[in-house]
Amino acid sequence: MKVLLEQGLEALGITPPEGAVDQLVRYGELLLEQNKVMNLTAITQPDQVAALHFLDSAALLGCASLEGASLVDVGTGAGFPGMVLKILVPGLHLTLVDSLAKRLDWLSTVCAELGLERVTLRHARAEELAWEDGWRDAFDFATARAVADLRVLTELCLPYVRPGGRFLAMKAAGCQPEVDAAGRAVSVLGGRLRPAFCYTIPGTEVERVVVPVEKTAPTPQGYPRRWAKIQKAPL
Ligand code: SAM
């Protein structure tokens with residue numbers, strides 16, 4: 001896994017900080033070990049974890065400069081992309097949010113084992129947490145991968161972003177119809193779609209896209225709505 005990661009990061013134009021590749025390797029070991037007793041990932045081969053989780057998450061650095069920034073990863077699951085970004089950019093102020101407590105409990109042990117500092121873990125539903133003091137219009141970046149359709153995802157994530165910041169949605173290639181369908185949600189929630197960042201995961205033929213949404217105005221009153229409403233009547 002180590003060589004694959006080193007080659008892959010180089011192909012992405014990323015120079016990892018000292019010790020970061022070893023941290024990723026250890027994270028991969030912990031992930032596959034824990035995956036035997038907890039449902040964390042469908043990917044069970046170390047090389048596939050390196051490519052489809054780690055390098056995919058790392059590729060986001062091709063369109064965002066994160067040093068010193070604050071970032072909330074919504075629906076982080078086993079920590080993607082948030083944990084990988086933190087390992088590669090130690091100066092990042094990372095917050096991980098998920099509605100499943102046991103995944104966050106495990107991530108907390110991973111942070112301790114890898115010695116990651118300035119990571120906040122919060123068990124909550126994203127659409128509810130955005131109403132708490134200090135969470136709304138507060139972060140430089142929000143990210144999400146494999147959580148929901150972009151219309152729904154924009155309502156879950158954009159409220160966290162401060163005006164001038166960006167929500168970065170990680171999607172599969174061919175997501176243009178989904179992006180087009182999310183246009184109304186983006187504008188209602190005070191955002192503006194920016195040109196997509198397309199990449200191929202190194203060592204694979206998997207094509208992926210980061211869809212950036214720039215926050216242009218504070219989150220309007222009344223959003224995000226309750227989950228039942230978001231699902232029943234997506235913007
Ligand atoms: N982002 C990770 C990845 O790319 O591997 C995990 C993806 S997993 C398919 C989706 C995660 O989103 C799950 O861990 C789930 O608990 C979380 N999730 C779904 N809806 C959520 C919500 N409304 N608020 C917070 N977390 C949510």
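The radius of gyration here is taken over C-alpha atoms, and the globule rule is 2.2 Å times the number of residues to the power 0.38. For 235 residues, that rule puts a compact globule near 18 Å; the protein chain has 17 Å, which agrees.

Now the ground rules. This is a predicted model, where local features need pLDDT of at least 70 and side-chain atom pairs count only at pLDDT 80 or more, while totals for chains, interfaces and linings use all residues. Residues are numbered from 1 along each chain as its sequence is written, and side-chain values use heavy atoms, with hydrogens and water left out.

Overall picture. The C-alpha atoms fill a box of roughly 45 × 35 × 30 Å along the principal axes. The chain has ten helices and eight strands. Those are DSSP runs numbered from the N terminus: helices are H or I, at least four residues; strands are E, at least two. Of the 235 residues, 53% count as buried. Buried means under 20% relative accessible area, exposed over 50%, partly exposed in between, with a 1.4 Å probe and protein chains only. Contact means heavy atoms within 4.5 Å. Among contacts with a separation of 6 or more, 69% join residues 24 or more positions apart.

Strands β2 (93–98) and β3 (119–123) run parallel, joined by five bridges. Pairing takes at least two DSSP bridges. D98 stands opposite H123 in β3. Between the two strands the chain passes through helix α5 (101–114), and this β-α-β crossover is right-handed. That is, with the strands pointing away from the viewer, the path from the first strand over the helix to the second runs clockwise.

On to the annotated site. An unreviewed UniProt entry places "binding site" at G75, F80, A126, E127 and R145. From this set, the lining of the largest pocket takes in G75, F80, A126, E127 and R145. A pocket is an open set of points on a 1 Å grid over the protein atoms alone, where a 1.4 Å probe fits, with protein on both sides within 12 Å along at least five of seven lines; lining residues have an atom within 4 Å of a point. UniProt positions use the numbering here, feature names are shortened, and annotations may be inferred rather than shown by experiment.

Two of these residues up close. F80 sits in the loop between β1 (70–74) and α4 (82–88). Its relative accessible area is 5%, so F80 is buried. Beyond four places in sequence, F80 contacts Y27, L31, H53, F54, S57, D73 and R145.

A126 lies in helix α6 (126–129). A126 is buried too, because its relative accessible area is 9%. Beyond four places in sequence, A126 touches V74, L156 and Y160.
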